[in-house]
Amino acid sequence: MIIQLKEDISEKQKDLLKAEVNQIGYKITEVKTQLGDYLVGIGKKEFDIRKIGKKEGIKDIHIVSDEYKLVSKKWKVNPTSIDLGDGVCIKDGDMAIIAGPCSIESEQQIRKIIQHLKENGIKMMRGGVFKPRSSPYAFRGLGIEGLQLWYNLAKEEGIKIVTEVMQVSQIEEMYPYTDIYQVGARNTQNFNLLDELGKVDKAVMIKRGISGTIEELLQSAEYVFSGGNEKLILCERGIRTYERASRNTLDLNAVPILKSKSHLPVIVDPSHGIGIREFVPQMALAGVMAGADGIIYETHEIPEKAYSDGQQTLDFEQSALLADWIRKTFALRKKFELL
């Protein structure tokens with residue numbers, strides 16, 4: 001169960017409430033976030049929730065049978081919106097576009113990509129400064145100095161930054177320069193990292209694990225929420241299957257399923273999902289029609305010269321076309337939803 005507490009609940013009222021719920025046979029965990037104060041009860045004994053709901057200090061009470069409680073749609077019907085400030089939001093009923101390179105490479109590269117984004121009305125830029133690579137000899141990012149440079153250039157133009165955090169020690173040093181912490185597929189079940197991101201008052205986008213189930217993705221989000229951070233975004237980026245014709249298998253089934261199970265916004269990453277440049281636009285548009293709240297894709301002035309993932313990266317001309325197609329396809333989807 002989830003018990004939403006009133007803002008003015010006293011410690012005495014809270015202690016009495018915990019004691020009564022424990023007597024019923026439920027283990028209680030208190031969760032405080034930026035937006036609310038909750039008691040999460042874990043147990044299986046059936047009881048009349050009206051008995052608890054009448055207690056002083058309670059705003060509402062919900063029975064949630066899912067293993068993941070706080071990210072479940074069973075208690076929070078209204079979708080969560082992620083407000084990044086300056087009019088930039090990721091929310092249900094809208095279409096966020098996030099674009100940028102796989103890796104941040106240089107000041108010149110950053111300036112060119114920011115200019116491209118501005119010309120196409122894109123207000124969020126993705127990019128990696130700490131790069132987890134399969135080979136230890138491959139380019140592994142510019143580190144915190146690269147992030148600081150990127151932040152200063154992006155801030156001048158009103159561009160929000162989405163970048164990957166790989167370990168707990170990076171969270172604090174990245175904090176002043178990051179708008180959305182990205183948890184990559186390799187770290188989706190790095191529970192120490194998820195716990196620490198729960199203590200941060202900034203948005204966190206969690207990518208689905210490379211072999212992860214939908215349930216496991218939601219449980220990863222639950223770790224962050226239960227740690228105190230409600231600013232969460234789910235990302236479908238493809239999973240590893242027996243198919244070898246593409247980099248991954250982009251599971252677009254996950255989009256409507258996640259939207260039905262959780263109140264959190266859902267983003268689709270077609271670049272990693274298929275890993276083949278010429279097919280990224282088709283999969284992006286398929287993600288829009290599947291019900292995604294946003295698309296995140298890779299772009300670079302000259303993909304063939306990109307330090308990483310050039311084979312799945314769009315050039316600026318392709319990116320401009322895709323951004324336009326995404327908006328037009330989303331408008332078409334909205335018409336279907338009205339039928």
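1. Terms and basis. A residue is buried when its relative accessible area is under 20%, exposed when over 50%, and partly exposed in between (1.4 Å probe, protein chains only). Helices (H or I, at least four residues) and strands (E, at least two) are DSSP runs, numbered from the N terminus. This is a predicted model: local features need pLDDT of at least 70, side-chain atom pairs count only at pLDDT 80 or more, and totals for chains, interfaces and linings use all residues. Residues are numbered from 1 along each chain as its sequence is written, and side-chain values use heavy atoms, with hydrogens and water left out.

2. Helix H8. This helix spans residues 254-261. Its buried residues are Ala254, Val255, Leu258 and Lys259. They sit on the same side of H8, because they cover an arc of only 130 degrees around the axis (taken from the directions from the helix axis to the C-beta atoms). What do the buried residues of H8 pack against? Their partners are helix H7 (214-226), strand S12 (232-236), strand S13 (266-268) and helix H10 (280-290). Contact here means heavy atoms within 4.5 Å.

3. Two Asp residues with positive phi. Asp86 is not a glycine, yet its phi is positive, about 60 degrees. It is found in the loop between strand S5 (82-83) and strand S6 (89-90). Asp86 is exposed, at 66% relative accessibility. Asp309 also has a positive phi, near 60 degrees. Its loop runs between strand S14 (294-298) and helix H11 (316-338). Is Asp309 buried or exposed? Asp309 is buried, with a relative accessible area of 15%.

4. Aromatic pairs. Rings of Phe, Tyr and Trp (its six-membered ring) pair if their centres lie within 6.5 Å; planes under 30 degrees apart count as stacked, over 60 as edge-to-face and the rest as tilted. The count comes to five aromatic pairs. Tyr151 and Tyr177 are edge-to-face, because their ring centres are 5.5 Å apart and their planes stand at 70 degrees. Tyr151 lies in helix H4 (residues 143-156) and Tyr177 in the loop between helix H5 (168-174) and strand S10 (180-183), so the pair ties together parts 26 residues apart in sequence. Phe191 and Tyr223 are stacked, with 4.4 Å centre to centre and 20 degrees between the planes. Phe191 belongs to helix H6 (residues 191-197) and Tyr223 to helix H7, so this pair joins parts 32 residues apart in sequence. Phe191 is partly exposed at 31%, and Tyr223 is partly exposed at 32%.

5. Ring cluster. Ring pairs link Tyr38, Trp75 and Phe225 into a cluster.
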